[in-house]
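I opened the model to look up a few local features. The entries below follow the order in which I took them.

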Amino acid sequence: MNSGLPFALLALVCLAAGWPAQAKQPPAEFRPGEIWNDTSGQPINAHGGGVLFHDGVYYWYGELKEGRTYLSEVNKAWGGTRVLAGGVSCYASTNLYDWKNEGVVLPSVADNPDHDLACENVIERPKVIYNATTKKFVMWLHQDTPNYAAAHAGVAVSDSPTGPFNYRGSFRLNAGVWPVNVTASDQVAGGTNFLARDFAGGQMSRDMTLFVDEDGKAYQFYASENNATLQVSQLTADYLQPAGKYARILIGRSTEAPAVFKHNGKYYLIASGCSGWDPNTARSAVADHVFGPWTELGNPCRGPQADKTFLCQSTFVFAVVGQTNRFIAMFDRWNKWDLQDSRYVWLPLEFDPDGQPIVKWRQHWKLAARK
Ligand code: GAL
């Protein structure tokens, strides 16, 4: 249809209305997979991270991935590309669209290869929780040697959500303690029984997340036992150490990238399989108790590439404050040959009538106005 308005005139009207200028503003909507700029116009750099809501502000923590992507000899067999670890970055927002860069709240260490946080080492999947009793912000992360053999959990603490975080060191978990759901055969060392192999020295901890329950008790969920089995470990009251009580869940299912949340009194997780940076089919599970038993609910993703998690891997799930039943599922779309250009995919997480968590693909979307 011809509106009768010549094209040149239309262009002039647009210019006068300031439309091109508006297009430069950060979008007031989520655009999964597109470059997401911070409020200074730089792409947000916070991968594999998590979100903390504190005193009216959302804080987004993640891995700072900068510089050249390389494949070192020690990880060639499984294609584990890397960038030098940059530490943990932090962004702040009140509306979840516009994020201000708060800087690197836990930097890597450039001049000491023996330091846990040496940039040649691995610093992945940082998560921060707030301890209302000690009034400290507590960060846990996956700390590792360049070949991922150490499989440690690292802990850092700050008085402020924007750091600086004070690094306390790293360790394996729950040395000399059997899980609450141990069986007699679990305690017999040998073969692929990694639980028994690591009993004395402590359990492995790679991909991880933190979850704080309504009663203030906090838990770490982590890929353990050579990534074959997830474990859930309660934290001490100050959130700084394992409390010595843990369970094995999704036994032998090779689960990574766990994201845990609670809804209507039940515990849920979404997670990935184990294929490095390459996407696989996501999984979900539900439990009445944090230590399980956990029942698998299948792939939560719906839409194009749903069997490959929209070409992503799960990262974190959080509730939007002030909105009932509104969860956001965060995913990373890894670019394994240019890791710093890995993108973020944030999508609404809903529940179907059977109570299964569902994440539907959307090209772009907005939060409903606050009620
Ligand atoms: C993934 C894991 C990431 C990172 C990567 C290394 O499976 O979820 O956090 O460790 O492997 O290739």
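I then looked up C274, which is in no disulfide, the nearest cysteine sulfur being that of C301, 17 Å away. A disulfide is taken as a pair of cysteine sulfur atoms within 2.5 Å. C274 counts as partly exposed because its relative accessible area is 40%. For the structure as a whole I noted zero disulfides.

**Basis.** I noted that this is a predicted model, in which local features need pLDDT of at least 70 and side-chain atom pairs count only at pLDDT 80 or more, while totals for chains, interfaces and linings use all residues. Residues are numbered from 1 along each chain as its sequence is written, and side-chain values use heavy atoms, with hydrogens and water left out.

**Ligand.** Which residues surround the ligand? I listed W78, E124, R125, Y148, D207, E256, G276, W277 and Q313, where near means that a heavy atom of the residue lies within 4 Å of the molecule or strand in question. By class I recorded three nonpolar, two polar and four charged residues in this shell. The classes are: Ala, Val, Leu, Ile, Met, Phe, Trp, Tyr, Cys and Pro nonpolar; Asp, Glu, Lys and Arg charged; the others, Gly among them, polar.

I then looked up distances from side chains to oxygen atoms of the ligand. A polar side-chain atom of E124 is 2.6 Å from a ligand oxygen. For Q313, an N or O atom in the side chain lies 2.9 Å from an oxygen atom of the ligand. For W277 the corresponding distance, from a side-chain N or O atom to a ligand oxygen, is 3.4 Å. Taken alone the ligand exposes 310 Å², and the protein buries 96% of that; accessible areas come from the Shrake-Rupley method with a 1.4 Å probe, and for residues only the protein chains shown count as cover.

I found E225 in the loop between β10 (218-224) and β11 (229-235). Helices (H or I, at least four residues) and strands (E, at least two) are DSSP runs, numbered from the N terminus. Is E225 buried or exposed? E225 is buried, because its relative accessible area is 3%. The side chain of E225 makes a polar contact of 2.8 Å with the side chain of Q231. A polar contact is a pair of N or O atoms within 3.5 Å; within protein, one must be able to donate a hydrogen and the other to accept it, and residues adjacent in sequence count only if both atoms are side-chain atoms.

The side chain of E225 also has a polar contact of 2.6 Å with that of R248. I placed R248 in strand β12 (residues 242-249) and noted that R248 counts as buried because its relative accessibility is 10%. The side chain of R248 makes a polar contact of 3.4 Å with the side chain of D186.

**Backbone.** Most residues other than glycine have a negative phi, and most peptide bonds are trans.

- N226 is not a glycine, yet has a positive phi of about 55°. N226 lies in the loop between β10 and β11 and counts as partly exposed because its relative accessibility is 36%.
- T309 has a positive phi near 50° and sits in the loop between β17 (301-302) and β18 (313-319). T309 counts as buried because its relative accessibility is 2%.
- G163 and P164 are joined by a cis peptide bond with omega about 0°; P164 is in the loop between β7 (152-158) and β8 (166-171).
- The peptide bond from G292 to P293 is cis, with omega near 10°; P293 is in the loop between β15 (283-287) and β16 (294-298).

Last, I looked up strands β3 (residues 85-93) and β4 (residues 100-107), which pair in the antiparallel sense over six bridges. Two strands pair if DSSP finds at least two bridges between them. G87 stands opposite P107 in β4. The two strands form a hairpin with six residues between them, and L96 in the turn has a positive phi of about 75°.

Technical notes
Buried means under 20% relative accessible area, exposed over 50%, partly exposed in between (1.4 Å probe, protein chains only).
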